[in-house]
Amino acid sequence: NLVAVMFSFVFSQHHFQLKHRDQHIQQLKEEIGVLEARVEEHHADLTRERKRADEAVEHGRSQGLAADKAIRATEQLHDELHQQRVGYEADIGALEDLAAKLRTQLDQQQHQLQLQQQQQQQQ
């Protein structure tokens with residue numbers, strides 16, 4: 001009888017420990033489920049953030065390409081304007097030379113005319 005009581009006591013202790021262990025395992029499974037849900041949510045957040053970052057990088061790259069294109073066009077226009085300026089400066093130089101020659105010719109003709117007038121007056 002004592003054996004039966006001791007067996008019953010040991011069995012009930014063992015049953016209590018198993019029940020407690022099963023409850024603890026169930027609690028751990030629930031905590032794991034909560035953690036897995038948090039991990040999935042965090043992963044989704046990171047995926048969305050990565051997508052936004054990739055889009056921002058692509059937008060920046062597109063703007064950079066557009067800026068490079070605008071810079072090249074501006075440089076080309078600058079080169080063309082510089083060439084025109086050089087051409088205009090050459091034209092201005094040639095016109096100034098022509099004007100100087102014409103002034104010299106005019107001065108010579110006026111001088112000859114004055115000499116002719118003086119000679120006519122002396123006669």
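This is a predicted model: local features need pLDDT of at least 70, side-chain atom pairs count only at pLDDT 80 or more; totals for chains, interfaces and linings use all residues.

1. The partner of Glu-89 is Arg-85: the two form a salt bridge, and their closest N and O atoms are 2.9 Å apart. Arg-85 itself is exposed, with a relative accessible area of 52%. Both residues belong to helix α1, where they sit four residues apart, about one turn of the helix.

2. How many salt bridges does the count come to? The answer is six, and the Arg-85 and Glu-89 pair is one of the bridges. As a reminder, side chains of opposite charge can pair when their charged atoms come close.

3. Next, please look at Arg-48 and Asp-45. Their side chains meet in a salt bridge with an N to O distance of 2.2 Å. They are three residues apart in helix α1, so about one helical turn separates them. On the accessibility side, Arg-48 is partly exposed at 46%, and Asp-45 is partly exposed at 32%.

4. Is Arg-50 buried or exposed? Arg-50 is exposed, because its relative accessible area is 56% and exposed means over 50%. Asp-54, at 41%, is partly exposed.

5. For a sense of how the chain extends, take Gln-84 and Ile-32. They are 52 residues apart in sequence, and their C-alpha atoms are 77 Å apart in space. Gln-84 lies in helix α1, which covers residues 2–122. With 42% relative accessibility, Gln-84 counts as partly exposed.

6. Finally, a nonpolar feature. Which residues form a nonpolar patch on the surface? They are Leu-95, Leu-98 and Leu-102, and together they have about 300 Å² of accessible area. Leu-95 is part of helix α1. This leucine has 56% relative accessibility and therefore counts as exposed.

How values were computed:
Residues are numbered from 1 along each chain as its sequence is written. Side-chain values use heavy atoms; hydrogens and water are left out. Helices (H or I, at least four residues) and strands (E, at least two) are DSSP runs, numbered from the N terminus. Buried means under 20% relative accessible area, exposed over 50%, partly exposed in between (1.4 Å probe, protein chains only). Patches are made of residues with over 30% relative accessible area and no salt bridge: like charges are joined within 9 Å, nonpolar side chains (Val, Leu, Ile, Met, Phe, Trp, Tyr) within 5 Å. Accessible areas come from the Shrake-Rupley method with a 1.4 Å probe; for residues, only the protein chains shown count as cover. A salt bridge is a side-chain nitrogen of Lys or Arg within 4 Å of a carboxyl oxygen of Asp or Glu.
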